[in-house]
Every structure is written in structure tokens, then in C-alpha cells.
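Please look through the sequence and the structure below before reading on. The paragraphs that follow take up one topic at a time.

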Protein chains: 2
Amino acid sequence: MADEQKHGASRRQFLTGAAALGAGAVTAGAAKAAGPDPLITEVQEWASGLGDGVDATPYGLPIQYESDVVRRNVEWLTADTISSINFTPIHALDGTITPQGCAFERHHSGAIELKKEDYRLMINGLVDTPLVFTYDDLQRFPREQHVYFCECAANTGMEWAGAQLNGAQFTHGMIHNMEYTGVSLRTLLAEAGLSVAGDLKDKWVYVEGADASSNGRSIPMEKALDDVLVAFYANGEALRKEHGYPVRLVVPGWEGNMWVKWLRRIEVMNAPVESREETSKYTDTLEDGTSRKWTWVMDAKSVVTSPSPQAPIKHGHGPLVITGMAWSGHGKITRVDVSKDGGKTWETARLAKAGENKALTRFYLDTEWNGEEMFLQSRAMDETGYVQPTKAQLREVRGLNSIYHNNCIQTWYVTADGKAENVEVSS
Amino acid sequence: MADEQKHGASRRQFLTGAAALGAGAVTAGAAKAAGPDPLITEVQEWASGLGDGVDATPYGLPIQYESDVVRRNVEWLTADTISSINFTPIHALDGTITPQGCAFERHHSGAIELKKEDYRLMINGLVDTPLVFTYDDLQRFPREQHVYFCECAANTGMEWAGAQLNGAQFTHGMIHNMEYTGVSLRTLLAEAGLSVAGDLKDKWVYVEGADASSNGRSIPMEKALDDVLVAFYANGEALRKEHGYPVRLVVPGWEGNMWVKWLRRIEVMNAPVESREETSKYTDTLEDGTSRKWTWVMDAKSVVTSPSPQAPIKHGHGPLVITGMAWSGHGKITRVDVSKDGGKTWETARLAKAGENKALTRFYLDTEWNGEEMFLQSRAMDETGYVQPTKAQLREVRGLNSIYHNNCIQTWYVTADGKAENVEVSS
């Protein structure tokens, strides 16, 4: 960003045009001076009356004016709401942290209610000493903290065949990014007598939840001993019910379905179980009818969240902030480019901070817009050198039968009046 | 931490004693095997029925079992709840992020409700072009993101004279730590034509809120041009009403009273205003009756949050995790020590991650406890080399008349049955 822009000089035109006041009229006593805007010149009720006392909100919710910023589901997407998705309102968020209250949820048999006192975690199978942990037991092991994104493998899945869902919340909202506190799975496996010195190359853990679906998944031992967490807290407080209270698995960078909620059992095995959730589901059917399996890692991906269909440009011409988010299951985001012309030319966006390991990165393009049509795209790159592909590139490799792991470049068509819609561009 | 402890080997004794099952009885079919714990051996209702559908919670709240983890006020502390404090339940949190819903609030005339459409921010005084910004105007400037702690100058203030309040929530809960998104104040001042090249050494900004109290404060220009943010978002979403919706000031590392909520005006001046909030209040009366003024920075400080009076030790002897948080308005926390004997001997705690600039750092001491009485303390150090003082050291310099800026070492007396209480030790 040029220094001139950083200091706002290039922006002065629109602001002095819109709202500058004659210097003579603006003093410390401006509230009484004559002026064009009663919100400045007249004493408002909120400046003369009293507001709410601190006893009003032991635990607060967003203000009523933000009541549209909520999770939403898509009725036709699943047969029943107990096996469905509630999408994060990413079009209305900024920054990187996702509040638990509006972070996407996906259940296979509904969100269950499980007290800490009733919680048990069993570790069994190929270990010296099968163990059962209470919630209090888990609290006595050394804890870690990390911010990680969690993305459902099906995020953007409806978009394989074409532009289906009109809004970033629905095309890309199966993702959240939270600060987790928990115990390393490595520590708990060692407690049960898994020798980390032994030959663990072909070993697996099978993890399942306490809900009726059990949502069992197989995880290779190398990952289980790497960075997997048995987590109790997200964003500083206990996990919410819909996020697996009191304990969930955190499998950094890997598909959300493996982040088993209401975690109840971890079995060490010689082979994967090949459960429903990793054969019939969460595999990608290719053009020839065969399936890609063990596609655990979420590849680098990004999306422009504003402007987008649910977040049109409402202000006039001149300065415009384009923003979005990028992430990679392989590590850190190193660069994000933005295109206004459907991928013909690219500008490098500004990252709000240096990319962090397997966590969301916020990007901004501080630009000018004078009513020209745009075909807005973003393209993420990660520390492995990987570049987010176009939809055409993905289709070339995988055909049109896939649902999961669609990390292609998204296009929003922005019209002269600032509205945006979900489109495809040929490239 | 020793490798042995990291891998949990030292913990096996308490777990195998409490909950190990005979290896023969524990298989993938354990739910049907005979065993001592029906929560393991019998199918529970939550494992056979259905949970809530995704339509249940457009915006979620904590689960009912966590209903004690809320902000609380102290009735006798202030004359009325519209000018009072709601304390963060820090004893029940972990990690570093404070959810907005339970982050401490302090108002001087109540939390007001102000729509984005009604929002105006005026910059006036010694600038080329006095300006009025709407909320939409602010959204068009380049945005930044940072995690910062916000601590009220009065945090721990009641403890000057002795151990008064029995709980970390009340002694140290006037603090929160959030990820803020906003525009640099530097950018907005430049927009109004403040020449950053000119001699700004003696200039000030006076900032005030739109609530009846206005809560006006003077900030020296050097700070105003450094890292002050005009913020709209916290932890990814719009500021909550009680945190200044739609716009508040963020003054990193400086006392919370300067983080003006419902920000309405910034005036560039040749001198500080010396308002009520920086003369009669938010100054420290010394032994001789004179006052310390311009004590803006919050010095390095820490507190053990668990165990603490509201978070006693409930489990048996053996492994114990001692945890707490540390922060410094001067920059990064570099080290935290923990004492179990009231400051006679110290152990260096483990920081969950490297200290971040003017943000909370979580620390842990993974230790053993066998019922011995403890006088638990923590002592923070920051990158300037500053060491958190004892209460005796603070009193020696400032006497007993102060309220604000008490950053002394806190002591919890832990009894043989795991209860904790707020005490003073002579040192």
C-alpha cells in the first residue's frame, strides 16, 4: 500500500464532499451550532438519558440491530434438521475469530446434551492399559492452546456443478476458526501405554462420539501423535453444546467430520475401520466411478466475503475495501491475490497479519470503485507453494461427480449498482 | 517440563488406580461387557435418541450446565448499576480470548443503544478540515486487526487495604482480551488534515462517547498516532451493545477508561482537558495527599485463576494443573513464575505460547499436589525487564490511599481440602 493511501490522502475527496463542515461551525460546542445534520447538532436521547445497568446482561447476546447475523440452514439440502448444517454468517464477520454462537454446526443425529459428570472417554485397543477418563481426569493433564480453522469437507460442495447458492454464507460458511484449549492426544495415548518408540507406522486410532450417529472415523497414528487435541474449551470458554460439550476432538487442517464431538472412545487398531463416514460418505466419486479415499487434508482455499451477494456495496463511488479469508490445512497462508476481472489480472492483497499454522488469515484489498462491473475472485497460496485452483482445473482432474473438497476459486459478479451474485466464469 | 511428564507417565498412577479396566473386558464391544461404571457399560439415552436440529440455535448461548459462568457485579461497590462494573468470570475461563458475552463491562451512565444509521463520529479542533464520519464512511478506510487486553484502572483496586474480595472474578475480573478490527486513528486524523510531519509534541486529542456521561479523556498525540484503533468488531463480529456498539476506541496497553465506547468525537487540542475522568477520578492519591496523574499504562500483572476461591481443587492428590494469565501494557510477557509458599521459592511456569504485544498470555504449572497447604502466587515479567511487585513494595511507594493501578502479586491460600481463599502474606 502506498504511503499516500495509508495516510488517507486519496480518500479525502469523498469525505470532504460528503460530510466536511465549515471549520468555523465546528467547535467543542458543535452540538448547539447550526448545521445540516441533526445527529450532530441536536442532543439525542441516548446522550441525555441513562442506558442499561450492568445487571441487565450476565451473559450477553448481540444487539437487536445485528439480528440478521446468525447461522442459517438450507431447508432443501438435507432430509431433516437433526442431520444438517447451520452455516456461519461469514459475509457479515471480519477478523479471524469465529464466535461460538454463530460458528457453523453439522450434526448427524442432532446436538446432544451431556453433563460433565456423565462424561467418560475410553482409550482401548492396542494399548498396555485400557483407560477410562472422567472430565476431571482430563483436566489434570498438561494443556495446550492453538487457533485452528475447522472446515467441513462438504463446504462449497454444491458448487461443483455450477453456481448454486447465492451467498458466501451458503457457499463457504461451513467453516469456523477458534482458539482451542485441550490435552494433546499424544499425552493420553502415552498414559494408556502406547509406546511412542515402537513401530507405529501402520497403526490407526478409531475415534467415535457419544451421539447416536457415533460418527466414527479412522485416523492414522502419525497424525494422532502429531497435533491432534482432546479439547474442552473454545475461544476461552467451555465448548457450546452444538460444538461437542464437554469434549471434542480437534484435528488441525483435516476435514471437519473427523473433529468428533462428544468424544467417547479412542481405539488403537492395526487398520482403519472403513466406517460409513469414510467410505459411503466423505470420499469423492471420480469420472470413472471410482472413489478418492483418505482425502483428509483441506487444501488451500479463500473467498471474498465483502462485497458478496449478502454484502453488496451500499456506498457511492471511490474508496472500497474488499475483504475475505484464506486458509490451508497444509500450514500457513503466504499470499492472497484478488482479481476484479474474473482471473485475467491479479493484485496482491494485504494480509491483516502473517499467516498462522492451519488457521484463518484475513485479507484486504484497499481499492477504488467507480461503478464498473467486477468479476471478483481471490486466490490463496500456502507455504508449500500450492496455489488455489480454478473450478475448471479441479473439474479436469476430478470430473463432475464430486461433492467434497471443492477448494476452487469463487467468482462474485458485482453490478454497477453494487449488487453481487454467484456466477461461473470460463477460464 | 520433563519429557516424562509431557508424555504423562508420571500421571499413570492416579489414573490406573481410579479407572483402568481389565484389558480383557475392554474391547470394541465394551458397552455390553460387565463393568463397574454404567456410563461405560450401558447404552445411555444420548447415545440412542436424537439431539437438537440445526434450526434450534440461529445464535447460540452456553449450555445450561455452564450457567454459573457469567459476569457478576458487586452490589455494595457502586451506588447504582448504571454506573458500575460487571466482572469477567476469569476463574472459569481458559485460553486467552474472552468471549464478548462474558467480558467485563463498566459504564458511567449505562449501556446505550445506538443504531449504525444514527452513528456519527466528528473529528474537529486543530485540523485542516473538520469532518463527520458515518458508520459507512469508516468502513471504507483500510482496516487492521489486533488482539489486545483491556483492563480497568480500578481492577484489583479494592485490595490495596487488604484482602477484600474472595474470588479472582472480583479481584482481577475487570479485564478482557479480544481481537479487534478497526481503522487506525492515525488514518482518520490524517484524513482531517493533521500533518504528521508537523510538530505534534505538545498536541493532544480529547475523545468522548455518545452516552450521557461522555466519559471524556485526553490522549497525548504520540499515543494517538501510534497504535490507537477506532474499532467496530471484536472477536470477529460487531461490538456488543455493552462494549460500545457500533464503534469504540481501542487504546492498547492503557487503562480501560480511555477506551471510549459509543465514540462520538475526537478533538485535536493544544493541551489536555483535565476532565473529571482524569483529575477527580483515575488518579492515585499518595500518602501526602498529592496525586499521581497521567498513569495511563497498565503495568505487568498476573493472577492464578485456578485453583482460586471460586475454582477449588476438587480432585484427589497427585497431578494438578495450576493456571492463570499475565499481561503488560508495555508489551510482551516474557516469563511468569509461580510460588506455592507465598513468595519464598519460585518455579517458572510454562507459557501456552510466546507473549504477544499488549495481549493476555496464559501460563500453566503442571505439578503435583498431595494435600499440602499452599500460599499460591504468580509473578509476571515483561520485555522491558519489569517484574510484577509485591503488595508491600507498592504500598511502600504509594501508601494506602490509592485505588487504581494495583498490579501487585496476589496470594491464594489453598487448604488441605483444596479450598482457596484470598489472603495477604507479609513479604
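In what order do the four strands of the open sheet in chain A stand? This is a predicted model, and in it the order in chain A is 15-16-20-19, with antiparallel pairing. Strand 15 (301-306) and strand 19 (350-351) of chain A are at the edges; each has a single partner strand, so one side of each has no neighbour in the sheet. Strands of a sheet pair through backbone hydrogen bonds, either parallel or antiparallel.

Within this sheet, nine bridges connect strand 16 (residues 318-327) of chain A with strand 20 (residues 361-369) of chain A, in the antiparallel sense. One of the residue pairs can be named: A:Val321 has A:Asp366 in strand 20 as its bridge partner.

Chain B also has an open sheet of four strands, in the order 15-16-20-19 and with antiparallel pairing. Its edges are strand 15 (301-306) and strand 19 (350-351) of chain B, and because each has a single partner strand, one side of each is left without a neighbour in the sheet. Strand 16 (residues 318-327) and strand 20 (residues 361-369) of chain B run antiparallel and are joined by nine bridges. Here B:Leu320 has B:Thr367 in strand 20 as its bridge partner.

Next comes the nonpolar core. The largest one has 218 residues, and A:Val230 and B:Val230 touch the most other members. Leaving out residues up to four places away in sequence, B:Val230 touches residues including B:Leu138, B:Val183, B:Val247 and B:Leu263.

The last topic is the contact between the chains. Chain A gives 116 residues to the contact and chain B gives 116 residues. On the side of chain A that touches chain B, 52 residues are nonpolar, 31 polar and 33 charged.

Terms used: Residues numbered from 1 in each chain as written. Chains lettered and ligands numbered in written order. Predicted model: local features only at pLDDT ≥ 70, side-chain atom pairs only at ≥ 80, totals over all residues. Pairing = 2+ DSSP bridges. Helix = DSSP H or I, 4+ residues; strand = E, 2+ residues; numbered from the N terminus. Core = buried A, V, L, I, M, F, W, Y, C linked by C-beta atoms within 7 Å. Buried ≥ 20, exposed ≤ 12 C-beta atoms within 10 Å, placed from the backbone. Contact = placed C-beta atoms within 7 Å. Nonpolar A, V, L, I, M, F, W, Y, C, P; charged D, E, K, R; others polar.
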